[in-house]
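Biologist: Please take me through one part of this model closely, starting from an opening in its surface. I would like to follow the side chains as well.

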Amino acid sequence: MKGLNRKNKKSKFKRTIMLFISAIFLFSTSFLVGGYFGKKNSVVVSAVKTNENAKNNEQKNDNTKDDQKSNSDREQKDKDKKEKKSEPVLDPYKPDGKKVAYLTFDDGPSSNLTPQILDILKKHNVKATFFLIGTMANENSELVKREKNEGHSVCIHSYSHDYKYVYSSTENFLSDVKRCEMVIKSILGDDYETKLIRFPGGSFGNRLNPYKEAVKKAGYRYVDWNALNGDAEAEYVSVNKLISRLKETAADQEHLVILMHDAPAKETTVQALPSIIEYLKGKGYEFKLLY
Ligand SMILES: [Zn+2]
């Protein structure tokens, strides 16, 4: 019995050892397996995270793209602004071997004619410069916006266009010019810069010298014209007459600053405009803006 007991004790001990070993084995196996799946899970999680990251990165990239886009838009705007500011057309008549035509329209915008003029310019892919009367701009602010939005130049003619008032003193003239500028800014925004004036009736000769000095001192520039369609030479001027006046006054000049009007009564100016544009294109003129 003693021997048997000892034998039993021995095998019990053996069994315990075996159990212990298998317990360790099982434990370590499950630890390894668990570790593996845990790892796998963590890979999935991080894969999801990676997707999220990718998404976030995509969004970031998109945002960056947007930023870059808006940056480049801004840069372009700044560039335009700088170009406009630093390179105004100081002497539009100066020959440079190129044929350049500056179409200009005074006394608008008018609700009946300016939209038609804008349509014609758009159709012919031509840009022009509009010298506005402040009171007219106030009445037709949507047209002022349209002029700017369609790439034309919006400049100052005066607020009242009342010769008696504006030419009675340089103070009156300047305040009328500033008032017109304020109207344009109130419509197009404070960042719209316009310092170019066309004197009502033009600034030819010496009679307006004090006025020219006064506006220059105040930071403005001004421009007259060296060609016209003659639409201000009579109450009514026929289309044919307008075209022939244009050809006559343009003559063989390399650079043309062409005076026309988009005042409400100048219907024939609208009717003659397509022929005038075609004529100038045929003569090889490139159309540019004054500002
Ligand atoms: Zn005028």
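Modeller: The second largest pocket has a volume of about 260 Å³. Its lining is made of 14 residues, and those closest to the centre are Val-89, Asp-96, Tyr-102, His-255 and Lys-288. (A pocket is an open set of points on a 1 Å grid where a 1.4 Å probe fits, with protein on both sides within 12 Å along at least five of seven lines; lining residues have an atom within 4 Å of a point. The volume is the space filled by probe spheres set on the points.)

Please keep in mind that this is a predicted model, with local features needing pLDDT of at least 70, side-chain atom pairs counting only at pLDDT 80 or more, and totals for chains, interfaces and linings using all residues. Residues are numbered from 1 along each chain as its sequence is written, and side-chain values use heavy atoms, without hydrogens or water.

Now to the strands. Strand β3 covers residues 153-158, and six of its six residues are buried (under 20% relative accessible area; exposed is over 50%, partly exposed in between, with a 1.4 Å probe and protein chains only), so the rest of the structure largely encloses this strand. Strand β2, residues 128-133, runs parallel to β3 and is joined to it by five bridges. (Helices, H or I with at least four residues, and strands, E with at least two, are DSSP runs numbered from the N terminus; strands pair if DSSP finds at least two bridges.)

The charged side chains come next. The structure holds nine salt bridges, each a Lys or Arg side-chain nitrogen within 4 Å of an Asp or Glu carboxyl oxygen. In one of them, Lys-122 meets Glu-150 at 3.5 Å, N to O. Lys-122 sits in helix α2 (residues 114-123) and Glu-150 in the loop between α4 (141-149) and β3, so this pair, 28 residues apart, links distant parts of the chain. Lys-122 is exposed at 53% relative accessible area, while Glu-150 counts as buried at 18%. Both belong to a salt-bridge network that also includes Asp-119 and Arg-146.

Glu-142 is exposed at 54% relative accessible area, and Lys-145 is partly exposed at 32%.
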